[in-house]
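Please look over the sequence and the model before reading on.

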Amino acid sequence: PAGGSITFDGVPIRDADPRDVRSRIALVPQDATVFAASARDNIRFGRPDASDAEVERAAEQAHATEFITRMPGGFESGVTLSGGQRQRIAIARAILRDAPLLLLDEATSALDAESETLVQTALEDLMQQRTTLVIAHRLATVLSCDRILVMDHGRIVEQGTHASLVAENGLYARLARLQFEGI
């Protein structure tokens with residue numbers, strides 16, 4: 001930072017080992033990568049030393065077990081997945097990683113309505129008891145967040161909860177009306 005400091009678990013980021021910092025972050029990206037491997041191995045990528053039972057538990061929590069078990073070979077089959085299914089694999093990886101910081105980068109932006117509902121439920125469960133940074137244009141993703149920062153042209157222009165930002169009738173309120181009321 002040009003001024004002030006950024007700390008992670010009390011350690012100034014400038015003094016932290018980048019590998020240590022990365023090990024404490026779980027990421028659910030906009031376009032989740034699925035590798036040419038089994039569903040089990042794709043989820044296990046979140047924590048390579050995880051047991052089969054831990055992988056299956058993470059899949060269950062991510063609402064991925066149903067579609068995985070319908071595939072020929074189940075958890076051992078190769079994966080050709082829809083966008084919503086790839087997102088749920090990425091969420092299962094993040095659950096398995098169990099990192100103190102969760103980064104959601106437009107995690108629901110490319111999903112159909114049914115997939116978004118399942119993914120949103122899994123994300124809400126995952127966000128419990130951890131610091132979560134949510135990057136989103138779809139405001140449904142941030143409704144339950146404790147603190148929302150609204151950026152415009154690279155600057156924070158508003159901050160608060162969903163309710164307080166709607167009450168302020170600023171940029172966030174305008175975006176909320178567009179998305180939720182279709183105005």
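The points below cover the sheet, the helices packed on it and the nonpolar cores.

The structure is a predicted model. It contains an open sheet of three strands in the order β3-β4-β5, paired in parallel. The largest nonpolar core has 33 residues, and α5 supplies the largest share of this core, seven residues.

**The sheet**

- β3 and β5 (131-135) are the edge strands; each has a single partner strand, so one side of each is left without a neighbour in the sheet.
- From one strand to the next, the twist averages 15 degrees.
- The parallel strands β3 and β4 are joined by four bridges.
- A26 is placed opposite L102 of β4.

**Helices against the sheet**

- α5 lies across β3 and β4, and runs at about 170 degrees to β3.
- α6 packs on the sheet and touches β3, β4 and β5. The direction of α6 makes about 155 degrees with that of β4.

**The nonpolar cores**

- In the largest core, the residues touching the most other members are V28, I43, I68, I91, L102, L104 and L126.
- Elements giving two or more residues to this core include the strands β3 (25-28) and β4 (101-105).
- Leaving aside residues up to four places away in sequence, I43 touches V55, A58, A59, I68, F75, I89, A92, R93 and L96.
- A second, separate core has nine residues, among them V142, C145, L165 and A176.

Methods: Residues numbered from 1 in each chain as written. Predicted model: local features only at pLDDT ≥ 70, side-chain atom pairs only at ≥ 80, totals over all residues. Heavy atoms only, no water. Core = buried A, V, L, I, M, F, W, Y, C linked by side-chain atoms within 4.5 Å. Buried < 20%, exposed > 50% of the residue type's maximum accessible area, 1.4 Å probe, protein only. Contact = heavy atoms within 4.5 Å. Pairing = 2+ DSSP bridges. Axes fitted to C-alpha atoms, helices over the stretch in contact; angles between N-to-C directions.
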